[in-house]
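The following questions and answers concern the terms used to describe a protein structure. Each answer sets a value against a definition.

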Amino acid sequence: IEAVSHTDGVERIRLGSLEPERITEQDLIRMSSVKSFCPQFHLSLQSGCDRTLAAMNRRYTSAQYSELVEKIRKIFPDASITTDIMVGLPGETDEDFEESLRFVEKTGFSKIHVFPYSVRAGTKAASMKNQISASVKSRRASEMTLLGEKLEKDFLKNQIGKTVPILFEKENCTDFHRGYSPNYTLVKIKRTSPIKSLRNMIFYVNIKEAKCF
């Protein structure tokens with residue numbers, strides 16, 4: 001990140017998916033000193049239930065994950081934290097799922113990608129007992145998705161009133177310019193001219209209203 005930031009013409013640096021156990025507080029501090037670094041962290045969680053995390057052989061607990069999130073928000077107050085959540089791992093009880101739901105809500109992710117467990121031949125999970133029925137996995141996925149949509153709306157509402165630099169990437173026909181803030185919030189502004197393009201330009205925009213696109 002530091003090396004790329006010294007490259008002429010690079011105005012934004014954004015990371016991809018990260019394993020939470022590989023990020024230290026010192027890493028975060030160093031990232032915060034890089035002006036072009038974008039405070040959006042996609043931290044793979046998979047489950048907010050420690051029993052399920054152990055069954056997945058994940059190398060962290062929900063408490064360790066939560067501690068990392070707290071450090072990120074302390075160093076990057078306006079950070080966007082997104083994640084992936086799996087539901088229906090063999091052996092996941094209703095209690096396990098409810099624990100995962102509560103953890104996701106408490107963490108307050110800006111966006112979550114929810115997917116039901118699917119059997120893959122040759123994997124350890126494929127031979128595990130207590131496989132979850134398709135109907136239960138579908139119900140749990142729907143419930144987790146609804147929570148994710150609520151959290152996303154809450155995050156977007158919190159952006160209202162802020163003035164942030166937007167990197168414009170494309171136009172929507174002749175109606176809008178579309179771009180992203182440093183924390184990866186999608187922003188649209190009305191086009192005042194059907195000819196002028198803002199692509200690859202950065203302008204400060206005051207957020208007036210929020211909704212999920």
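Q: Which residues does Thr-107 touch, not counting residues up to four places away in sequence?
A: Thr-107 touches Val-69 and Arg-73, not counting residues up to four places away in sequence; contact means heavy atoms within 4.5 Å. This is a predicted model, in which local features need pLDDT of at least 70 and side-chain atom pairs count only at pLDDT 80 or more, while totals for chains, interfaces and linings use all residues. Residues are numbered from 1 along each chain as its sequence is written, and side-chain values use heavy atoms, with hydrogens and water left out.

Q: Why is Thr-107 called buried?
A: Thr-107 belongs to helix α5. Its relative accessibility is 6%, so Thr-107 counts as buried: the term means under 20% relative accessible area, whereas exposed means over 50% and partly exposed lies in between (1.4 Å probe, protein chains only).

Q: What does the side chain of Thr-107 reach?
A: The side chain of Thr-107 reaches the backbone oxygen of Phe-103 at 2.8 Å.

Q: What makes Glu-92 count as buried?
A: Glu-92 lies in the loop between β3 (80–87) and α5. Because its relative accessibility is 4%, Glu-92 counts as buried.

Q: With which side chain does the side chain of Glu-92 make a polar contact?
A: The partner is the side chain of Arg-140, at 2.8 Å. A polar contact is a pair of N or O atoms within 3.5 Å; within protein, one must be able to donate a hydrogen and the other to accept it, and residues adjacent in sequence count only if both atoms are side-chain atoms. Leaving aside neighbours within four places in sequence, Glu-92 is in contact with residues including Arg-51, Met-86, Phe-97 and Arg-140.

Q: At what angle do α5 and α6 pack, and what is that arrangement called?
A: Helix α5 (residues 94–107) and helix α6 (residues 134–157) pack at an angle of about 10°, with their axes 10 Å apart. That makes α5 roughly parallel to α6, since angles under 35 degrees count as roughly parallel, over 145 as roughly antiparallel, 65 to 115 as roughly perpendicular and the rest as oblique. Where the helices meet, the residues of α5 include Phe-97, Leu-101 and Val-104, and those of α6 include Arg-140, Met-144 and Leu-147. By class, this contact has 6 nonpolar, 1 polar and 6 charged residues. Here Ala, Val, Leu, Ile, Met, Phe, Trp, Tyr, Cys and Pro count as nonpolar, Asp, Glu, Lys and Arg as charged, and the others, Gly among them, as polar.

Q: How many bridges join strand β6 to strand β7?
A: There are 5 bridges between β6 (residues 176–180) and β7 (residues 186–190), which run antiparallel; two strands pair if DSSP finds at least two bridges between them.

Q: Why is β6 described as largely enclosed by the rest of the structure?
A: Of the 5 residues of β6, 4 are buried, so the strand is largely enclosed by the rest of the structure.

Q: Which strands are the edge strands of the open sheet?
A: The sheet has 4 strands in the order β1-β2-β3-β4, with parallel pairing. Its edge strands are β1 (17–18) and β4 (111–116), since each pairs on one side only.

Q: How many helices and strands does the protein chain have?
A: The protein chain has 6 helices and 8 strands; helices (H or I, at least four residues) and strands (E, at least two) are DSSP runs, numbered from the N terminus.

Technical notes
Axes are lines fitted to C-alpha atoms, for helices over the stretch in contact, and angles run from 0 to 180 degrees between N-to-C directions.
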